[in-house]
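Subject: Structure handover: cavities, pockets and aromatic rings

Hello,

Please find the structure below. My notes on it follow.

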Amino acid sequence: MAGVSVALAALVFSLSCLGSGTGATVGGPDGDTIFLSVNVSRVLKVVSERFLSVAIDASLLAEEKFMYLLSSQKLRTLAKALTPGFLRFGGTKQDFMVFSPHTRSNAALRPDDASLQSIVMHQSNLSAKGVCNALVLPNFLEERLKKEWAEQEVLLQKEEIQGHYSKVRFSEHAVDLLYSFANCSGFDLIFGLNALLRTKNNSWDSRNAETLLNYCESQNYSMSWELGNEPNSFEKKADVRVDGYQLGQDFLHLRNILKNSKLYHTTGLYGPDVSQPKNHRKDLLQGFLETAAKAIDACTWHHYYVNGREASMEDFLSPKVLDTLTTKITKVLQTVTLASPGKKVWLGETSSAYGGGATGLSDTFVAGFMWLDKLGLAAKLGIDVVVRQVLIGSGTYHMVDANLDPLPDYWLSILYKRLVGPEVLDADGLTNSGVPGRKLRVYLHCTNKKSPNVRKGAVTLFALNLSKKKMEIIMPSRLNRSSVEAFVLEAGKTTGSRPLTSRLVQLNGAVLKMVNDSTLPPLHGITLPPGQSLKLPGRAFAFYVLRDASVPVCW
C-alpha cells in the first residue's frame with residue numbers, strides 16, 4: 001500500500017504541475033532517480049560576495065573608439081545586475097598596451113558627433129549626482145560601433161590564430177570610459193598592466209605603468225591592479241622568457257610603487273595570472289609564490305576545459321571533462337598552501353574553451369553546463385572568486401552578443417547572483433546504489449540573504465542534468481518539509497536539429513529577453529508544495545530555493 005500511496009502522490013504532483021502550465025518541472029516514467037544527501041550542520045566553505053565576477057577583454061582597446069560601447073545604456077543595465085563583483089580589464093592584449101596621454105584617437109568619430117561631448121569623462125563629472133544616467137551613448141553611434149566591432153572581432157581572431165599581436169596605444173580618455181563604466185555599474189575595477197615592457201636586464205620597466213597610476217590617482221579612481229597575463233606564454237607571444245623568481249621581483253617592485261601612493265597604498269594587487277597547471281607552469285607559480293606571495297592579495301590562475309578549435313558538443317556534456325577541474329584546482333591549492341598558507345586563490349580568468357572559445361558552442365545554451373558546474377565546484381573546493389571571460393570582448397565565450405543582447409550564460413549568471421549565497425554546504429546526488437550520480441550534478445548553498453523575500457535559514461540547491469532523460473531528485477527528510485521555488489532553465493526553441501546550440505534560454509517555459517534597454521524581465525520561480533521530489537528535464541539546469549528549510553547555519 002505504501003508504494004501505491006507514493007505513486008499516487010507523484011501522479012497528483014505531476015498533474016498539478018501540468019495544471020500550472022509549466023512542463024519544465026514535470027517528471028516522467030522514463031526518468032532516473034537521484035537521492036540528495038546533505039550535511040547542513042556546518043558551512044563547508046565561505047566564498048567572497050563577489051565570487052561571480054566578470055572581465056572585459058583588453059581587445060576592446062584595439063581601437064579606442066570601441067571603448068565608447070561601455071557607455072551603452074543596454075550594456076550598463078546588464079552590468080549592474082551582475083554586481084557586486086570585480087570587473088577585470090585584461091587578457092592577452094593587455095601585454096601589448098601602452099598608455100599614451102594626450103593621444104586620444106577618434107578616427108571613426110565623425111565631426112557631426114557633437115553629442116559625444118556628453119560622454120567625455122572627468123572626475124568632477126563622475127562624482128556628480130545622476131551623472132551615470134546622463135552619460136549614455138547616442139543610439140546612432142552605438143549602432144555604428146556595434147557593426148564596426150563585429151568586423152574588428154574577425155581581425156582579432158586572425159591575430160589570435162597567427163599568434164602575432166599588434167601594439168595598442170590608449171589615452172586617458174579610454175581610462176575615463178572604463179572607470180565610468182565600472183563605477184556607474186557598481187563593479188570594483190581591476191586593471192591589468194603590461195608586463196612585457198622590459199628593461200635590458202629583463203626586469204619589468206615600470207615607467208609607463210607609473211604614468212598611468214599617476215593619472216588614475218589624479219582623478220581619484222579607486223581600483224586594483226594586476227601585472228601581466230599568462231606569463232608562462234610570454235615566450236610564445238613575444239619571445240620573452242620570465243621565470244617565477246623574476247616575475248616575483250616584478251610584483252614586489254609594483255607593490256612598492258603602490259605603497260608610495262596616497263591613494264593606492266592599501267589597494268588590491270592580484271597575480272600572477274598563470275595558465276592552468278602543467279609541469280613548467282606549476283614551477284613558475286611555485287617560484288613566483290616563494291618570491292612574492294607577500295606582495296599579492298590573492299593568487300590568480302586561469303582555466304579552460306578544452307581547445308576551442310577542437311571542442312565538440314560532447315565535451316560540454318561530458319562528466320569526465322567537467323571532472324578535470326577538480327584535479328586542476330587541487331594542484332593549484334596544494335601549491336599555494338605550501339608556499340603561502342591561507343592565501344586566497346582566484347580563478348582570475350576562466351570560461352569553457354581557450355583560443356577565444358568554441359564557435360557555435362561557447363555562446364550558446366550548452367555552455368551553461370560547464371559554467372554552472374564550474375561555479376559549483378570552484379566554491380565547494382575553496383576558490384574565493386571566479387572571473388568570467390568575458391562580459392564583452394573578442395571571442396565566442398562572451399556573455400552578451402555583438403548586438404549587446406544577453407546570451408544564455410548571462411541569464412544563468414544573473415540567477416546565480418540573485419539566489420546563491422557565499423556559504424557553501426555539503427551535498428551530493430546519490431544513485432540507488434549509493435554512489436555519486438555522474439549525469440546529475442548538484443550543489444547546495446545558503447540562499448543569498450539579499451534575495452527578494454528570503455527567509456532565515458533558506459537554502460538554494462542548483463543542479464544540472466547532463467542526461468537526455470528527465471531526472472527525479474528525492475529530497476532528504478531534513479529538507480523535505482520546505483516549499484520550493486523552482487527556476488528551471490532550458491534551451492530556447494530553434495529551427496535547427498541542435499536545440500542546445502540555441503542562443504535563447506527559457507525560464508520555466510518562457511523565453512528570457514530584455515523588456516527594453518533599461519529593464520530586465522522579472523525572474524520569477526514557480527512555487528512547488530513541500531514533501532515532493534523535484535523533476536529536472538533532460539539537458540537542463542535549475543535553481544531550487546527551499547524557503548522554509550530553516551537551516552541554522554544559514555540564519
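Gln 94, Met 97, Phe 99, Phe 170, Phe 191, Gly 192, Leu 193, Asn 194, Leu 197, Asn 208, Ala 209 and Leu 212 form the lining of the largest cavity. A cavity is a set of points, on a 1 Å grid over the protein atoms alone, where a 1.4 Å probe fits but cannot get out, and a lining residue has an atom within 4 Å of a point.

Before the rest, some notes on the source. This is a predicted model in which local features need pLDDT of at least 70 and side-chain atom pairs count only at pLDDT 80 or more, while totals for chains, interfaces and linings use all residues. Residues are numbered from 1 along each chain as its sequence is written, and side-chain values use heavy atoms, with hydrogens and water left out.

Cavities

The whole structure holds four cavities of 30 Å³ or more, and the largest has a volume of about 80 Å³. A volume here is the space filled by probe spheres set on the grid points, which are joined across faces, edges and corners. β5 (97-99), β7 (188-193) and α7 (207-218) each give at least two residues to the lining of the largest cavity. Helices (H or I, at least four residues) and strands (E, at least two) are DSSP runs, numbered from the N terminus. That lining has eight nonpolar, four polar and no charged residues. Nonpolar covers Ala, Val, Leu, Ile, Met, Phe, Trp, Tyr, Cys and Pro; charged covers Asp, Glu, Lys and Arg; polar covers the others, Gly among them.

Pockets

A pocket is an open set of points with protein on both sides within 12 Å along at least five of seven lines. The largest pocket contains about 930 Å³ of space. Its lining has 37 residues, and those nearest its centre are Thr 92, Glu 160, Glu 230, Tyr 354 and Gly 355. Two or more lining residues come from each of α5 (139-162), α8 (234-238), α10, β10 (298-307) and β11; α5 gives the most, with six. By class, this lining has six nonpolar, 20 polar and 11 charged residues.

The second largest pocket contains about 400 Å³. Of its 22 lining residues, Glu 49, Pro 84, Lys 417, Val 420 and Asn 448 are the closest to its centre. α14 (408-419) and β13 (420-430) each give two or more residues to this lining, and β13 gives the most, with four. The classes here are nine nonpolar, six polar and seven charged.

Aromatic rings

Rings of Phe, Tyr and Trp (its six-membered ring) pair if their centres lie within 6.5 Å; planes under 30 degrees apart count as stacked, over 60 as edge-to-face and the rest as tilted. The count is 23 aromatic pairs. Phe 86 and Trp 346 have ring centres 4.8 Å apart and planes at 40°, so this pair is tilted. Phe 86 is in strand β4 (residues 86-90) and Trp 346 in strand β11 (residues 345-354), 260 residues apart. Both Phe 86 and Trp 346 are buried, meaning under 20% relative accessible area with a 1.4 Å probe and protein chains only.

The ring centres of Phe 251 and Phe 288 are 4.9 Å apart and the planes are at 80°, so that pair is edge-to-face. Phe 251 and Phe 288 are both buried as well.

Regards

Technical notes. Buried means under 20% relative accessible area, exposed over 50%, partly exposed in between (1.4 Å probe, protein chains only).
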